[in-house]
Amino acid sequence: MKLGRKFSLIAVLMMVGIGLTACGSNQSKSGNKNNSSKSNISAALVTDVGGVDDKSFNQSGWEGLEKWGKKNGLKKGVNGYNYAQSNSDADFAPNINKLIQAKYKTIFGTGYKLVSAIKNAAKANPKTNFVIIDDVIKANNVASVTFKDNEAAFLAGVAAAETTKTKKVGFIGGQRGLVIDRFEAGYRQGVAAVDKSIKVDVKYADSFAKPDVGQALAKAMFNNDEDIIYQASGGTGSGVFSAAKNEIKKKKVWVIGVDRDQEDEGNYSGGNLTLTSTLKGVGTVVEKMATSVQKNKFPGGKVSTYGLKEKGVDLTKGHLNSDALKAVENYRKQIIDGKIKVVERPSQLK
Amino acid sequence: MRIKKVRLGGISVPLISIFLGLVVGAIIMLLSGFNPLINYLNLFSGALGTPNAIGEVFRSATPLILTALGFSIANSAGFFNVGLSGQALAGWLASVWFALAFPHLPGFILLPGSIIMGALAGAFWSGIAGFLRAYFGTSEVITTIMLNYISLYGTNAIVKGVLTSSDADSTPLVPIQARLRTPFLEKLTGNSTFHWGIVISFFMVFVIWWLMKKTTLGFEIRSVGMNEDAARYAGMSTKKTIISSMLLSGALAGLGGAMEGLGNFQNIFVNTSLPDIGFDGMSVSLLATGNPIGIIFSALLFGILKIGGLNISISSNTPSEIVNIVIASVIFFVGANYIIQYLISKMKISHKSAKLISNSTKGGHK
């Protein structure tokens, strides 16, 4: 008897499910029929595993694309602008192919991890435009964009060195590799430029999507009396912020944000703990590239490099005091003028 | 700790699981304001609509078939091999390493050599757990879980420290003659990542079916799974059987990893987490109730969900998080088919016992 009742419950649930499904189909069929007949300028972005809500690299790219789409009266979806989220590295190639089949004209790959997937797709689809960010692919239909992250990271190092009280600062990277190497090297060089006696503690989370590891690393750093952490770890960085928000109840600590202005991430009941953020103009570049396709001026086959000089990377004013700001401005000038050369690899540091 | 062996059952249980999963997914989509019917249509057209999509579905099913076979063998012997992903990773590493180490060997030696190295590495990795289980009675669940982590971080260290230079986090591609992806297949499937590994998978399905049903070893494995003590009493070497079932299980998982290394990615990189093919392989095997032919179909179902799922958020406004929840709930019901099995069997038992009771009371009155 009892079991019979359970079964009838399941049966009822199923029927409700089917009924609801049927209702649903009647409601919203209109939303899917907006085929614009204008020339195809649609663009889409394939994220790495961080996702478009990583508060950092991918999100910055997506915000740029959204801005461009809205400016041109496009809608999110096919024939407009969209993104494809990759849940694992195995999703890169299928995601790109699905976007090509959905006839997106320009496809952005945010992150060096997509390099081989984009390379293959570009070879097989010469009529589609591709943009790879943070790496270089030599093909006529691929525009490569790299950033001099090390220059902005240098300024972050200067800011940290000017602000620290404990003479100990931390660096939390995502995954060791050519890109994060630039952040680490620039930061360490910047700190050393101000004061050689300041210790920089470098730790890696080995992932761009593990906030729990970020939190654990940051907590250990704060316990070790390091009062400023620069995080270059994508989605992992949100854990660094939550660790700092716990720590700030006890003592003054700061986090330096990465890739986009992470001021919002640093809000807590007593103020804000985001000292400053290094900016990486992923969004601006995405916007620029999408516009260039519109004007038939897509820079396929070219490599564009953005540094402090080109305003592709920058450091926000944030909560820096006037001395720190002065120092940052001073070094910024020296880098732009070429008086200081910022290294790209930690191994090149003296 | 011993986890109860899964009984082989009919086709109704998996079908009900899939259906329930889809219904729950539909409810979730409705509650969040998205149209389940259009989304499911997008899912299936995204998985089966073009040659490219079909190629991707088969590609993602290829390693799953192998890891699922691996799980089913250990399960027949009464072991819960949770270490498939670690063993697959070991196989992935070994196959790529071998291919990169001997780039000048001709293809007919290099390709089989790499594949066999993958299988051996997987077998070695699970063999550790099998050995500990056979001689010391150590729980294979705990040892394989821990071996997974050793495999993950060990592989990452080798990729960064040995196979690549200067801080790169992925190796170069394996030599052309060691690749399972060929221009012919790419042309056939509209530039998908489909590769020849599917032939190996199908072949192994046949081999395992034959092994389990027609050979002494298969009989011994099944006997040990049913009752270890009885098997020993009947004169079988249970230690040998335990170890060989774990070795076979790991070899198949290692083959699955080699498919990723030589087929899908053609290289190895620093993984941030254990490859999905291990845990998905367990679900595939459970859904197919360990039946080798059923494994092919359930692996294809997983491929359809994974590849088609990507299409939902590309062709509609449904965010990928919702899609992931839907896919996960389908897989949840698939994995939880124990519940359905349990309910069905309970129903049968209560039927029988009711009869028995009514019979005995009748008898008592006489």
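Among contacts in chain A between residues at least 6 apart in sequence, 71% join residues at least 24 apart, where two residues are in contact if their C-beta atoms, placed from the backbone, lie within 7 Å. The model is predicted, so local features need pLDDT of at least 70 and side-chain atom pairs count only at pLDDT 80 or more, while totals for chains, interfaces and linings use all residues. Residues are numbered from 1 along each chain as its sequence is written, and chains are lettered from A and ligands numbered from 1 in the order in which they are written.

Chain A contains ten helices and 14 strands; helices (H or I, at least four residues) and strands (E, at least two) are DSSP runs, numbered from the N terminus. Of its 350 residues, 55% count as buried. A residue is buried if 20 or more other C-beta atoms lie within 10 Å of its own, exposed if 12 or fewer, and partly exposed in between, with C-beta atoms placed from the backbone.

Chain A is assigned domain 1 (43-147 + 283-306) and domain 2 (149-279 + 320-348), with bounds that come from an automatic or database domain assignment. The centres of domain 1 and domain 2 of chain A, taken over C-alpha atoms, are separated by 28 Å. Domain 1 of chain A supplies 13 residues to the contact and domain 2 of chain A supplies 15. On the side of domain 1 that touches domain 2, helix α2 (residues 57-71) of chain A gives the most, with three residues. That side of domain 1 comprises four nonpolar, five polar and four charged residues. Here Ala, Val, Leu, Ile, Met, Phe, Trp, Tyr, Cys and Pro count as nonpolar, Asp, Glu, Lys and Arg as charged, and the others, Gly among them, as polar.

Within chain A, A:Val169 is placed in strand β6 (residues 168-173).

Among contacts in chain A between residues at least 6 apart in sequence, 71% join residues at least 24 apart; two residues are in contact if their C-beta atoms, placed from the backbone, lie within 7 Å. The model is predicted: local features need pLDDT of at least 70 and side-chain atom pairs count only at pLDDT 80 or more, while totals for chains, interfaces and linings use all residues. Residues are numbered from 1 along each chain as its sequence is written, and chains are lettered from A and ligands numbered from 1 in the order in which they are written.

Chain A contains ten helices and 14 strands; helices (H or I, at least four residues) and strands (E, at least two) are DSSP runs, numbered from the N terminus. Of the 350 residues of chain A, 55% count as buried. A residue is buried if 20 or more other C-beta atoms lie within 10 Å of its own, exposed if 12 or fewer, and partly exposed in between, with C-beta atoms placed from the backbone.

Chain A is assigned domain 1 (43-147 + 283-306) and domain 2 (149-279 + 320-348), with bounds that come from an automatic or database domain assignment. The centres of domain 1 of chain A and domain 2 of chain A, taken over C-alpha atoms, are separated by 28 Å. Domain 1 of chain A supplies 13 residues to the contact and domain 2 of chain A supplies 15 residues. On the side of domain 1 that touches domain 2, helix α2 (residues 57-71) of chain A gives the most, with three residues. That side of domain 1 of chain A comprises four nonpolar, five polar and four charged residues. Ala, Val, Leu, Ile, Met, Phe, Trp, Tyr, Cys and Pro count as nonpolar, Asp, Glu, Lys and Arg as charged, and the others, Gly among them, as polar.

A:Val169 is placed in strand β6 (residues 168-173) of chain A. A:Val169 and A:Phe222 are 53 residues apart along the chain, and their C-alpha atoms are separated by 9.2 Å.

Most residues other than glycine have a negative phi. A:Lys103 has a positive phi, near 65 degrees, and lies in the loop between α3 (92-101) and β3 (106-110) of chain A. A:Lys103 is exposed, as 11 other C-beta atoms lie within 10 Å. A:Asp206 also has a positive phi, near 60 degrees, in the loop between β7 (199-204) and α7 (211-223) of chain A. A:Asp206 counts as buried, with 22 C-beta neighbours inside 10 Å.

Between the chains, 37 residues of chain B are in contact with 39 residues of chain A. On the chain B side, α1 (12-31), α2 (36-48), α3 (51-76), α13 (292-315), α14 (320-335) and α15 (337-365) each give two or more residues. The most come from α13(B), with six residues. The side of chain B that touches chain A holds 15 nonpolar, 17 polar and five charged residues.

Helix α13(B) also packs with α3(B), at an angle of about 135 degrees and with the axes 7 Å apart. Axes are lines fitted to C-alpha atoms, for helices over the stretch in contact, and angles run from 0 to 180 degrees between N-to-C directions. The two helices α3(B) and α13(B) are therefore oblique to each other (angles under 35 degrees count as roughly parallel, over 145 as roughly antiparallel, 65 to 115 as roughly perpendicular and the rest as oblique). The crossing of α3(B) and α13(B) is right-handed; a crossing is left-handed if the near helix is turned anticlockwise from the far one by less than a right angle, and right-handed if clockwise. Residues in this contact include B:Val57, B:Ala61 and B:Leu64 of α3(B) and B:Ile295, B:Ala299 and B:Phe302 of α13(B). The contact of α3(B) with α13(B) divides into 16 nonpolar, three polar and two charged residues.

The axes of α2(B) and α13(B) come within 7 Å and cross at roughly 120 degrees, so α2(B) and α13(B) are oblique to each other. This crossing of α2(B) and α13(B) is right-handed. Among the residues that meet are B:Asn39, B:Leu43 and B:Ala47 in α2(B) and B:Ile304, B:Gly308 and B:Asn311 in α13(B). The contact of α2(B) with α13(B) holds eight nonpolar, seven polar and no charged residues.
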